[in-house]
Structure formats: C-alpha cells, structure tokens
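User: I'd like to learn how to read helix packing in a model like this one. Can you walk me through it?

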Amino acid sequence: MSNSTSGRITILDIAQIGLMVAVIEVSKAALVFLPNIELTSFWIIMFTLFFGWKIVAVVPVFILIEGSIYGMNLWWIMYLYAWPLLVLIAWLLRKNDSAIFWAIVSGIFGLCFGALCSIPYVVIGWSSGGFASGIRAGFVWWIAGIPWDFIHCAGNFVLMLVLYRPVRAAMKKIKVATL
C-alpha cells in the first residue's frame with residue numbers, strides 16, 4: 001500500500017500527497033482567468049497513473065480545500081463524485097500509454113462534466129416536482145452549459161496531448177528517485 005514494507009503510510013507518502021494537492025491547487029489558481037480551461041483533470045489522471053493509491057487521499061483533500069476556499073455549495077457536491085469518477089476511469093485504463101488516448105479520455109471527461117454536474121439539479125427538481133421535473137431541471141441546466149463543455153473538452157484534450165509525454169518523463173524520473 002505504501003513505500004514501506006510494513007504497509008504503513010510513510011513520511012514520503014504524506015509529502016507526495018501534499019505536493020500533489022499543492023500542484024493541483026496552484027495549477028487551478030494559475031488558470032482561473034481562462035473559463036473552463038483547467039489542469040485538474042490532467043493532474044488527477046497523471047497522479048493516478050504514477051502514484052496509484054495515493055490519489056485516494058489527494059482527491060478528498062483537494063475537494064475539501066476547494067470547499068474551504070470557495071465555500072461548500074452545490075458545485076462542491078458535484079466535485080464529490082466527478083473527480084473520484086475520473087480517478088476510477090484512469091485507474092481502469094491505466095495500462096494505456098498513448099498521449100492521444102489520454103487526450104481523448106480527458107477531452108471526453110471535459111465534455112461530459114456538465115452532464116455529470118446536472119445530477120444535483122435532477123435531484124432538486126425531482127424532490128420539488130416529481131421525476132419529470134427533475135429530468136427537465138437537469139436537462140435544461142446541462143444544455144445551457146454545453147458551449148462551456150466544448151471549451152472544457154478542447155482544453156483538456158490539448159493540455160493532455162501537449163503535456164502528457166514531457167510530464168510523464170519527469171514523473172518517471174521522480175518515481176525512480178524516490179524508490
């Protein structure tokens with residue numbers, strides 16, 4: 001489970017988890033001026049591929065920090081399942097080593113992000129007006145954001161395509177150095 005033979009979390013594990021969260025937060029803050037262009041998807045995929053189980057600690061810490069900084073509102077509920085879903089997808093597909101493959105996966109995730117985020121609106125609509133109202137509420141919210149989902153898709157695709165190989169090479173060196 002960790003770098004040590006005893007199965008305990010080591011100081012190195014804790015440091016790496018903290019650095020991964022910091023990288024995600026700094027990258028997010030650096031690109032905040034670009035709507036729906038983000039490196040969060042990129043880093044979550046890369047950290048899942050290279051640091052395995054540690055991402056299970058990284059994502060909840062990232063989500064809690066986001067809620068602490070921006071307030072825990074409806075968008076925060078979406079983060080509770082959207083980012084873990086990306087971890088699961090990356091984990092299931094981890095054997096793949098193609099930049100174009102990961103660019104497509106990241107792009108599709110960006111395209112689907114709005115649909116994923118419409119789920120709480122379905123629940124809210126359903127609770128106040130029945131199943132049909134819930135579906136309508138979620139659908140309207142999702143459709144209204146589709147132009148932003150296309151931007152999210154394109155940004156994720158291009159960033160992964162451009163950064164996958166050089167970051168992968170750097171992460172391989174880091175991983176070897178910490179063994």
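**Reading the core and the helix contacts**

User: Let's start with one residue. Leaving aside neighbours within four places in sequence, which residues is Met-160 in contact with?

Analyst: Contact means heavy atoms within 4.5 Å. Leaving aside its neighbours within four places in sequence, Met-160 touches Phe-42, Ile-45, Met-46, Ala-99, Trp-102, Ala-103 and Ser-106. A word on the source: this is a predicted model, where local features need pLDDT of at least 70 and side-chain atom pairs count only at pLDDT 80 or more, while totals for chains, interfaces and linings use all residues. Residues are numbered from 1 along each chain as its sequence is written, and side-chain values use heavy atoms, with hydrogens and water left out.

User: How many residues does the largest nonpolar core have?

Analyst: A nonpolar core is a set of buried (under 20% relative accessible area, 1.4 Å probe, protein chains only) Ala, Val, Leu, Ile, Met, Phe, Trp, Tyr and Cys residues joined through side-chain atoms within 4.5 Å. Here the largest one has 41 residues, and Met-160 is among those with the most contacts inside it, along with Trp-43, Met-46, Phe-47, Trp-83 and Trp-102. Two or more residues each come from helices 1 (11-30), 2 (40-51), 3 (55-70), 4 (74-92), 5 (99-117) and 8 (146-178); helices are DSSP runs of H or I, at least four residues, numbered from the N terminus. Helix 2 gives the most, 9 residues.

User: How is helix 2 set against helix 3, parallel or antiparallel?

Analyst: Under 35 degrees is roughly parallel, over 145 roughly antiparallel, 65 to 115 roughly perpendicular, and the rest oblique. These two axes come within 9 Å and cross at roughly 155°, so helix 2 and helix 3 are roughly antiparallel. Thr-40, Ile-44, Phe-47, Thr-48 and Phe-51 of helix 2 meet Ile-55, Val-59 and Phe-62 of helix 3.

User: And at what angle do helix 2 and helix 4 cross?

Analyst: Roughly 45°, with the axes coming within 9 Å, so this pair is oblique. Thr-40, Ser-41, Ile-44, Ile-45, Thr-48 and Leu-49 of helix 2 pack against Trp-83, Leu-86, Val-87, Ala-90 and Trp-91 of helix 4.

Terms used
Buried < 20%, exposed > 50% of the residue type's maximum accessible area, 1.4 Å probe, protein only. Axes fitted to C-alpha atoms, helices over the stretch in contact; angles between N-to-C directions.
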